[in-house]
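Let's take a friendly walk through the aromatic rings and the nonpolar packing of this model.

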Amino acid sequence: MAQHQQISLPAKLINGGIAGMVGVTCVFPIDLAKTRLQNQRSGQQVYKNMLDCLIKTVKSEGYFGMYRGAAVNLTLVTPEKAIKLAANDFFRHQLSKDGGRLTVLKEMLSGCGAGMCQVIITTPMEMLKIQLQDAGRLAAQQRLIPSMAPALKLGAVLSRSYNTNPAPHVVRVSAMQITRELLQTKGVPGLYRGLGATLMRDMPFSMVYFPLFAHLHQLGRHSPEDPAVPFYWSFVSGCLAGSIAAVTVSPCDVVKTRLQSLKKGANEETYNGVVDCIRKILRKEGPGAFLKGASCRALVIAPLFGIAQVVYCVGVGEFLLGYTPQSICSS
């Protein structure tokens with residue numbers, strides 16, 4: 001039962017690490033396409049759709065160009081996924097201590113708490129990843145319109161991510177260089193730019209995702225007396241819940257991506273916060289801009305959370321540490 005559940009942080013770290021690394025490796029190219037599609041403005045489109053973005057990326061940057069920024073994700077996804085899944089598990093455990101069944105409201109509160117906890121890692125991870133992912137779009141934009149000059153400068157390192165020659169040669173910039181530049185110019189708060197928008201995305205996402213997953217997952221039980229669920233059903237439940245939650249909060253993800261993009265192309269807007277960003281997008285691009293990259297995000301999140309829930313529910317970490325696998329799946 002959930003009230004007797006033992007939460008093992010080392011096991012959750014292992015589960016989160018395995019799930020995150022496998023998931024990120026599988027879907028990162030789609031995530032890169034999502035970031036580039038969200039950041040391009042109306043009238044300055046470099047890419048028509050996800051497939052066009054990936055084809056152009058391979059042609060101009062090579063196969064590994066699709067994995068720009070992946071090292072950041074692979075490094076930080078372990079604690080991020082561990083915090084998200086374990087925090088939800090912890091809050092569900094605390095809210096079910098009275099022995100009663102968790103209501104949908106309590107499940108949403110658990111998800112909200114998990115979303116709040118994860119932004120400690122998510123915000124700087126997304127901040128660095130977006131700079132690395134978007135550099136190729138900016139360089140491609142300059143190749144189409146050579147006269148374009150960057151509208152925003154942020155120190156030498158970020159301005160070296162591309163130059164303004166007619167046929168620019170993109171200088172590779174590492175996450176460590178960007179981190180060092182941000183810390184020198186902005187301090188620690190620089191890594192947490194867009195924190196409000198990240199909370200605005202991750203809290204509602206978790207409030208939708210975790211209750212929906214729990215209810216979908218219960219449908220896979222053979223009987224009320226037997227809480228075991230086939231691993232493939234965990235995967236399907238994670239995919240369905242993840243894709244629905246991802247599309248639901250896609251407008252928030254667009255705002256977050258725009259706010260965290262430090263480097264802008266020519267004539268691209270800069271924003272002074274969440275409200276200013278929403279107002280300018282509505283005025284200049286219309287409501288449809290808030291759904292840019294929504295299909296890509298659904299394709300990223302669905303397998304990512306499907307894999308995460310399989311690893312988490314099967315209890316790989318608990319098995320490796322010699323524990324009895326216990327998780328949300330048996331609650």
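Leaving aside its neighbours within four places in sequence, which residues is Phe205 in contact with? They are Lys84, Gly242, Ala245, Ala246, Val249, Arg297, Ile301 and Phe305, where contact means heavy atoms within 4.5 Å. This is a predicted model, in which local features need pLDDT of at least 70 and side-chain atom pairs pLDDT 80 or more, while totals for chains, interfaces and linings use all residues. Residues are numbered from 1 along each chain as its sequence is written, and side-chain values use heavy atoms, without hydrogens and water.

The structure holds 10 aromatic pairs, counted when ring centres of Phe, Tyr or Trp (its six-membered ring) lie within 6.5 Å; planes under 30 degrees apart are stacked, over 60 edge-to-face and the rest tilted. Two of the pairs are shown here.

| Pair | Type | Centre to centre | Between planes |
|---|---|---|---|
| Tyr63 and Phe64 | edge-to-face | 5.3 Å | 80° |
| Phe205 and Tyr209 | stacked | 5.7 Å | 10° |

Tyr63 is partly exposed at 48% relative accessibility and Phe64 is exposed at 67%, whereas Phe205 at 2% and Tyr209 at 0% are buried (buried is under 20% relative accessible area, exposed over 50%, partly exposed in between; 1.4 Å probe, protein chains only). Phe205 and Tyr209 sit four residues apart in helix 8 (residues 195-218), so about one helical turn separates them.

Phe205, Tyr209 and Phe305 also touch the most other members of the largest nonpolar core, which has 25 residues. Such a core joins buried Ala, Val, Leu, Ile, Met, Phe, Trp, Tyr and Cys residues through side-chain atoms within 4.5 Å.

Methods
Helices (H or I, at least four residues) and strands (E, at least two) are DSSP runs, numbered from the N terminus.
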